[in-house]
Amino acid sequence: MKNKLIIYIGGLLQIIVLLLLWANASADNDVPDFFVPPPPFSEGIFPCTECHAEMEVNRTRRKLDFHEDIVLKHAEEQRWCLDCHNPDNRDKLRLASGELISFEKSYYLCGQCHGTHFRDWKAGIHGKRTGYWNDRKQYRLCVHCHNPHQPRFKPLKPLPPPLSPEDIKYNRSPDNEIPKNPLNSLIQAEIKNGPEKK
Amino acid sequence: MDQKKNRDIHSRHIHRRTFLKGAALGLASMALPFGTADASVWEAFFQKHYREMSADDKRDVILRMEKEYAKAYDTKFNIKTTKPTPGVNFGYGLDVSRCIGCRRCVYACVNENNQSRDPQMHWITVLEFKKGERWVNVFEEAKKHYNPETVPEEGHFYLPVQCQQCENPPCVKVCPTQATWKEPDGIVVVDYNWCIGCRYCMAACPYGARRFNWAKPRVSKEELNPETHYLGNRPRYKGVVEKCTFCIQRTRENPGRYPACVEICPVGARKFGNLLDPKSEIRYCIENKRVFRLKEDLNTLPQFYYFFAS
Ligand code: SF4
Ligand code: SF4
């Protein structure tokens, strides 16, 4: 009877230890599952292997024949395509360690150099968040705001300034011509033409 | 002798209801021509202070108001009275090193909060400063009408200002009718049906955060936001004061959406959350970044923090 009890308690302890170990292991992975929209590929460009699978890997720095729209302005002295794009399977990105990651997780790649920004981004400080302040938040990949080949944030046209005091006239517009919010035409344009080019 | 007589008159016991009846009749003959004085006008006139309303009172007021608005705006409004959540005190963070002065936030706020389009009303003002010039305490002189082809302008930086939801709000102290007060979740609100338009609060606010409806506020029908809160974005009246409420109609829900300005900002300069939650974004800012508050020397204790992320 006593022996049985000991076995029981021993078994229970084992389970608890295992559970703790498991919890610890998942805590090690400090990047929670972020809710991000899909990567902003140019239309028809993915999967890359559609073309690249047949092509030989060429590591020399050169003027590209195909991706002419890509101008590298991102530490270009020290970097070339295959430092980030995986040579053997182009549908993946490649970390400095050789580990392959998907385009959906490109933040690991950026985070290799931009550690402080990566830390702030994980905490919800760097970058734009939408969703709920006390619930599920929508994150964005680094590349949703920064073109990875030219990451500097592009200037934007500001929305109109407030009227200056001398221009304020009260209720001068007729009721059917109340001025519209200028943001709305911008949003309409974005829905039609895609987001403003960053 | 005369004085004594006066005192006697004042000390005479008047039943509150009798008094109100008398006053109502008297006032009605002055202000409310009987032709237009339907029941709803009377109800509005005798509406209680929001904080003294019972749940039933609130329901009645909301029903009446939704009817009034439906008639006036030809739009069906939903007016919420969602209460603050215990354990929540809102805080806001704005990353000065990121803001590019694009004013998206100004106009997202206009949309969300039914701000008048004509006359123009903005709750957020984005100030532009020249780098290297004196700035923090002189923003009355800052440029708010900047309008270059693109922003940010070379050699300049930007500081958006809106209601700072002060913990020690001077605007609340000066209000003679207590039409503005601080809620337990930190939001300083205005009851537009209790505001008499004296604008003392505007004079008291050191941040220029309050706005006055000099004329009837007007929004075109297609642009009205019918999802409202009594203390927030429901349509206002001529002659009352209004200001930012941290989008009370969004943030008090469960789950609570971010304020409209947080959601629109293209550079993600705006952060929002619960100051009492150690894991919130705003707590991370305060604990890890270089934060400051505007005009700290005035002891208003804003719940709106500015910070430099990098
Ligand atoms: S939307 Fe963001 S970047 Fe633009 S002015 Fe407002 S805070 Fe600054
Ligand atoms: S910023 Fe002005 S309006 Fe807002 S709480 Fe402080 S004093 Fe009141």
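## A walk through chain B

Start by selecting Leu294(B): setting aside neighbours within four places in sequence, its contacts (heavy atoms within 4.5 Å) are Phe139(B), Leu159(B), Val161(B), Gln164(B), Tyr207(B), Pro302(B) and Tyr306(B). You are looking at a predicted model, where local features need pLDDT of at least 70, side-chain atom pairs count only at pLDDT 80 or more, and totals for chains, interfaces and linings use all residues. Residues are numbered from 1 along each chain as its sequence is written, chains are lettered from A and ligands numbered from 1 in written order, and side-chain values use heavy atoms, without hydrogens and water.

Next, colour the largest nonpolar core, which has 69 residues. Such a core joins buried Ala, Val, Leu, Ile, Met, Phe, Trp, Tyr and Cys residues through side-chain atoms within 4.5 Å; buried means under 20% relative accessible area (1.4 Å probe, protein chains only). Leu294(B), Phe129(B) and Tyr230(B) are among the residues with the most contacts inside this core. A second, separate core of 11 residues includes Val188(B) and Phe212(B).

Now select helix α10 of chain B, residues 281-288 (helices are DSSP runs of H or I, at least four residues). Which of its residues are buried? Glu281(B), Ile282(B), Tyr284(B) and Cys285(B) are. They lie on the same side of α10(B), because they cover an arc of only 160 degrees around the axis, taken from the directions from the helix axis to the C-beta atoms.

Finish at ligand 2, which 13 residues surround (a heavy atom within 4 Å); among the closest are Cys163(B), Cys166(B) and Arg210(B).

Terms used
Buried < 20%, exposed > 50% of the residue type's maximum accessible area, 1.4 Å probe, protein only. Helix = DSSP H or I, 4+ residues; strand = E, 2+ residues; numbered from the N terminus.
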